[in-house]
Amino acid sequence: MVSLKKYFRKAEVDIFTISAFLMAFFLPLHIGISNLFLILFFVASGYYLFLKKQYEVRRPKLLILTLLPVFLLYIFGLFYSSPPFEGIKIIGRNIAFLLCPLLLFFYNTKDLLRIKKSLFQGIVIGAVISILILLVNNFLNYFATRPFPSFDDEIFNYYYTYYSFSNFLDMHPTYLGAYLIFAISLLLKKLLQNRDIKALIISSLIILTVGVIFINSRMIFFLYALVVFSAIMYLGFIFYTQKKIGALSLIIIVTIAVVFSIIKTLSNTYIFTRLTNELQWELTEQVDTSYNDKLVADSRIARWQSTLEAIGEKPIFGYGTHTEKDVLEGYYKKNGLQVSFKNRYDSHNIYLSFMLEYGVFGLSFLLLYLLSNLYISLKNRNVQYFLLIFMVCVIGLFESYLKNNPAITFVAFFGSVFLFSSFPEKLKKEE
């Protein structure tokens, strides 16, 4: 009888760990399928925690540090949006901000660590497979226009990088890149901890690095450089403290050689143009101008100026939930941003987006989440936790991150697991 109970207990645990694994696995592959396994996780959690009474109790004030207050902010904003309750259709898209904190709050630390392990395995395997799929598709397209194996730096042009690269999986390059950076950090940590040369880990790192190059997102390049150079600095510090001067010198020489080789290889490609000319174009006021020979658009600075103008009209509480595009449409038209007007662009800045819809009041909710979680991650010396929140901060400067499904489920689930696993449960539930 006891063994039968253990069997069912293991089966229950397997359901929520497997669903967590598959949710993370499909994040870089297909967000719709990922959401299905997220729903399965919610259902399995409800059964396991409350019907089977396996819940634990933590300090309720921890919920203030999750994305739950942001979800409540969305509800509050419905009451004064114009027309009222216009934004109710997007509440379902953000349900992870509610259910992830509320359900994961009741898991004990042991089960949370199981879930975290499943999430880590899922995101790494899914990221590697997604890049392999995209690379195969990319090279099939490339060699369809030239004889195999003819090869040159044209592979790094507009038609094989950025949107053209990630579009096969219907994935925004920056959002896909965030998954890759997180997976790279996990692999580097495993490599540094084991110290042994692991062929599978190194192969995966090479595949993901190639994926980062083809994703061709400026913010992802910055985050990749930060993660990789941090790992190199850490390894160099270890060699220095162990008086391994030869190994330290080798790391420095190899790093410099690799950096210069990459710069030389990409200097005449579209990737280099995005990092120089296009970045300069984005950070100046450009209205209805061309930033390459393919597209005409309005720069982010021009859109931000229109956004700030709109914020100035209602700086305290903003315009309400899901009003950003409607409000900006009028300001874009007024200021002559015809491309932004026709495409109904948002502000492409999560901080300005929150200020527009919820004013300074709403921005404080976002900053509370980001700053508190950065502090907790640093206090616990949890590199992956810090990286997750730091990515939200950085990507949010140029994207309306946390307002799109690929970021919502990623940050809500992983962030909640990180937060609650940093604090052991306070009280065991009473039978």
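I began with the charged pairs and counted eleven salt bridges, taking a side-chain nitrogen of Lys or Arg within 4 Å of a carboxyl oxygen of Asp or Glu. I was working on a predicted model, where local features need pLDDT of at least 70, side-chain atom pairs count only at pLDDT 80 or more, and totals for chains, interfaces and linings use all residues. Residues are numbered from 1 along each chain as its sequence is written, and side-chain values use heavy atoms, with hydrogens and water left out.

I looked up Arg114 and Asp111 next: their side chains form a salt bridge at 2.4 Å, N to O. The two sit three residues apart in helix 5 (residues 109-143), about one helical turn; I took helices as DSSP runs of H or I, at least four residues, numbered from the N terminus. Asp111 is buried at 0% relative accessibility, while Arg114 is partly exposed at 29% (buried is under 20% relative accessible area, exposed over 50%, partly exposed in between, with a 1.4 Å probe and protein chains only).

Then I turned to Glu309 and Lys334, which meet at 2.6 Å, N to O. Glu309 lies in helix 13 (residues 300-313) and Lys334 in helix 14 (residues 324-334), so this pair ties together parts 25 residues apart in sequence. Lys334 is exposed at 58%, and Glu309 is partly exposed at 29%.

My next pair was Arg344 and Asp326, bridged at 3.0 Å, N to O. Arg344 is in the loop between helix 15 (338-343) and helix 16 (350-379), and Asp326 is in helix 14, so parts 18 residues apart in sequence are tied together.

Last, I found Arg218, Glu282, Arg300 and Glu399 linked in a salt-bridge network.
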